[in-house]
Amino acid sequence: MNKKLHVGIIGCGGIANAKHLPSLKATGRVELAAFCDIIPERAEKTAREYGAADAKVYTDYQALLGDPSIDVVHVCTPNKSHAQISIDALHAGKHVMCEKPMAKTAADARRMVAAAKETGKKLTIGYQNRQKPESAYLKKVIDHGDLGDIYFAEAYAVRRRGTPTWGVFLNEEEQGGGPLIDIGTHSLDLTLWLMDNYKPRMVVGTTYKKLPNPDCANLWGSWDPEEHTVEDSAFGFLVMENGATVILKSSWALNTIEPIPEGSAMLCGTKAGAQIKNGISINKDEFGRLIDIYPDMKTGGAAYFNGIEETPAIREANCWLDAIEQDTDPVVTPEQACVVSEILEAVYESARTGEPVYFNR
């Protein structure tokens, strides 16, 4: 393309400043042209740090969408507003990357899919764990057929004490839930993508709020217990249409000796198994023996040089820009992300009713 894409950021809080803006800037491929936040000082500060010299600042996202020079919008607001802002942006003729999860509700996620189809604009969701070197490598292994038929998987996102205490993370009305919709969504997305299986048949879910003590050695300190209106742990048992089983484990605060970071997964197939958990391993039998393989994901090997490798967030940004410029599907399609949101909602519904949730797809 002859000109850089002009990007507008809606929501200038933590995730915009920690992931989206540094990554977009690192690509060198875009003009960060507009910044919107309901707190004007936050938008102004972010614009000064990342924006072009003539970057515009807004407190009303509709005003930003009305700027015909903006090609792409990144939605980095609380979950409750993901859907409406994204839909409005699509109808305003913008391509949209929305931060995960896709939406607070499955119905909103489906509306987003419909808007992308209606407008012909591109929509993707910020599941950057697909871009980890371990994930990319294992996807190639699976697509080559080395694991065979994957019939059992576990998706992990378990913290021992890691309840986020800033923003609206603890607010069910704004977010729709706690660790399940916050970090469990990453691991579920990664697992379904690796399996290439987006057809759930049945879900059983449980949620818990068992560690509400704000002085429980939390990584980010204490909080007001009255503001903690979401679960601290959630678990799901999924049966897919082809009979495969997926177990989902997510928690911000669990009495466990072995926390497992979000974006972790275990997959078991008819030929071999694999695990992404602080690295990658592949297990199988060969010549009558059980063997474990640990692919080396490190770069380097030369004195004073560790190699060149993009971070997952920068790789996500580059792939997203490639999809726009080359008119191809994004790595994370809205249809895939919608299934993730439908499963998350089913876990919450099952936990609330005590009954399984069945899908009619």
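This is a predicted model: local features need pLDDT of at least 70, side-chain atom pairs count only at pLDDT 80 or more; totals for chains, interfaces and linings use all residues.
How much space lies in the second largest cavity? About 40 Å³.

## Cavities

The cavity count comes to 2 at 30 Å³ or more. The largest cavity has a volume of about 80 Å³. Its lining is made up of Met97, Thr124, Ile125, Tyr127, Arg130, Gln131, Glu316, Cys319, Trp320, Pro330, Val331 and Val332. Strand S6 (123-126) and helix H9 are the elements that give two or more residues to this lining, and H9 gives the most, with 3 residues. By class, the lining of the largest cavity holds 8 nonpolar, 2 polar and 2 charged residues.

Around the second largest cavity stand Lys19, His20, Ser23, Leu24, His74, Met97, Ala313, Glu316 and Ala317. Here H1 and H9 are the elements that supply two or more lining residues, with the largest share, 4 residues, coming from H1. The lining of this second largest cavity divides into 4 nonpolar, 3 polar and 2 charged residues.

## The largest pocket

The volume of the largest pocket is about 1200 Å³. It is lined by 45 residues, of which Gly14, Ile15, Cys76, Thr77 and Phe169 are the closest to its centre. The lining contains 22 nonpolar, 13 polar and 10 charged residues.

At least two lining residues of the largest pocket come from each of helix H1 (14-27), helix H4 (82-91), helix H8 (179-195), strand S11 (260-269) and helix H9 (312-326). H1 and H9 are also the elements that give two or more residues to the lining of the second largest cavity.

In soluble globular proteins, nonpolar side chains tend to be buried together. The largest nonpolar core in this model has 70 residues, and the members that touch the most others are Leu64, Met102, Met112, Ile125, Leu138 and Leu267. Helix H10 (residues 334-353) contributes the largest share of this core, 9 residues.

Neighbours within four places in sequence aside, Ile125 is in contact with Cys98, Glu99, Lys100, Pro101, Met102, Met112, Glu316, Val332 and Ala337.

## Thr46

Is Thr46 buried or exposed? Thr46 has a relative accessible area of 3%, so it counts as buried, the cut-off being under 20%. This residue lies in helix H2 (residues 40-50). Apart from neighbours within four places in sequence, Thr46 is in contact with Cys12, Asn17, Leu21, Phe35 and Gly51.

## Two hairpins

Strand S12 (residues 273-276) pairs with strand S13 (residues 280-286) in the antiparallel sense, over 4 bridges. Ile276 has Ile280 in S13 as its bridge partner. The hairpin formed by S12 and S13 has 3 residues between the strands, and Asn278 in its turn has a positive phi of about 55 degrees.

S13 also runs antiparallel to strand S14 (residues 289-293), joined by 5 bridges. Opposite Asn283 stands Asp292 in S14. S13 and S14 form a hairpin with 2 residues between them, and Phe287 in that turn has a positive phi of about 55 degrees.

How values were computed:
Residues are numbered from 1 along each chain as its sequence is written. Side-chain values use heavy atoms; hydrogens and water are left out. A nonpolar core is a set of buried Ala, Val, Leu, Ile, Met, Phe, Trp, Tyr and Cys residues joined through side-chain atoms within 4.5 Å. Buried means under 20% relative accessible area, exposed over 50%, partly exposed in between (1.4 Å probe, protein chains only). Contact means heavy atoms within 4.5 Å. On a 1 Å grid over the protein atoms alone, a cavity is a set of points where a 1.4 Å probe fits but cannot get out, and a pocket is an open set with protein on both sides within 12 Å along at least five of seven lines; lining residues have an atom within 4 Å of a point. Grid points are joined across faces, edges and corners, and a volume is the space filled by probe spheres set on the points. Ala, Val, Leu, Ile, Met, Phe, Trp, Tyr, Cys and Pro count as nonpolar, Asp, Glu, Lys and Arg as charged, and the others, Gly among them, as polar. Two strands pair if DSSP finds at least two bridges between them.
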